[in-house]
Amino acid sequence: MARIELDLAHAYKPGPKQDSDYALLPLQMTFEDGGAYALLGPSGCGKTTLLNIMSGLLAPSQGGVRFDGVDVTRFSPQARNIAQVFQFPVIYDTMTVAENLAFPLRNRQVPKDVINKRVGEIAEVLEMSGQLNQRAANLAADEKQKISLGRGLVRPDVSAVLFDEPLTVIDPHLKWQLRRKIKQIHQELKLTMIYVTHDQVEALTFAQQVVVMTRGRAVQVGSAAQLFERPSHTFVGHFIGSPGMNFLAGQVAQQVLHLADVVLPLHAGLALPSGDIKLGIRPEYVTLASPHAQGALPMTLAHVQDVGTHIMLSASFAGQTVKARLPANLGHLATGDLIWLKVLGDQTCFYKNEEIVA
């Protein structure tokens, strides 16, 4: 296992001059030994580029990579002792499950009795002990991906296991099983694991720390609770949550918040910079209020969706949409109704130039 330190930037074309020329903007990041991390973001944000730099498949155009304090920037993946699990299972169909799991150890000329013991241990962890003598060609996609995972785990001295969207080809009803298994393996073996995905459920359920990326930039590193409660960038607020955070454009002047033609006095302990600002609040924290209640806005109800356990409302305020997740027992609400929703409270965040105001 290894502590991985990054201080780098990367551009695929020479002589980058502006941010758009970079696949990865300059970043400094540390992945602690034995930690479980996820790189989360939309397609094209730089997740796989960052993973490939860590594995040694790609050399950064600027800066370097250190494993346990050693500069490995020019080391091959083999020299870094990295295991990487890709989107599509990488296995040998003509071999049995046991032969596939043993392959990395046989290549390193590990004694046969040690190989058999280690293969048995990993097969037990993967719940594949009864399939060791089966040909890999006859297995389902999720079982083949478990073999790929096992081949990465079978070496006890591996520095880190890197996952590049490993559940892409897995049937949706089987994804949760594999996700649970990967989480369990981390808890048992305490390996350094870094997991690339665009699926926030995968990232937030697997990782202790999630790196949210957009346009080649890491905009926040934090736990699931930190990303949800205090997004440090408006992109994180949009991307995390279903639906994402509500944002309302306003202005601050003399400790008063102006949202369109509504004036909301600010709490005495809340010091916000003057000028343009964005109010951000999760739908889960928006509440129905009585008319003219403190911190509430008048809105026109645009849509009501009853999902049984709760109601999702969409309401319009000054050309902006606000979503609210409310209790299911509110009674009759109809499109076009005038309602008051409270948006100012302890869970409200404020953003200046897309960055959170401390």
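Q: Which residues of α1 are buried?
A: In this predicted model, where local features need pLDDT of at least 70 and side-chain atom pairs count only at pLDDT 80 or more, while totals for chains, interfaces and linings use all residues, helix α1 covers residues 47–55. Helices are DSSP runs of H or I with at least four residues, strands are runs of E with at least two, and both are numbered from the N terminus; buried means under 20% relative accessible area, exposed over 50%, and partly exposed in between, with a 1.4 Å probe and protein chains only. Because 8 of its 9 residues are buried, α1 is largely enclosed by the rest of the structure. The buried residues are Lys47, Thr49, Leu50, Leu51, Asn52, Ile53, Met54 and Ser55.

Q: Which residue follows α1, and what is its phi near?
A: Residues are numbered from 1 along each chain as its sequence is written, and side-chain values use heavy atoms, with hydrogens and water left out. The residue that follows α1 is glycine 56. Its phi is positive, near 100°.

Q: What is omega at the cis peptide bond that joins serine 242 and proline 243?
A: Proline 243 lies in the loop between α9 (234–239) and β11 (246–253). For the cis bond that joins serine 242 to this proline, omega is about 0°.

Q: What is the relative accessible area of glutamine 255?
A: Glutamine 255 lies in the loop between β11 and β12 (256–259), and its phi is positive, near 60°, although the residue is not glycine. Glutamine 255 is partly exposed, with a relative accessible area of 32%.
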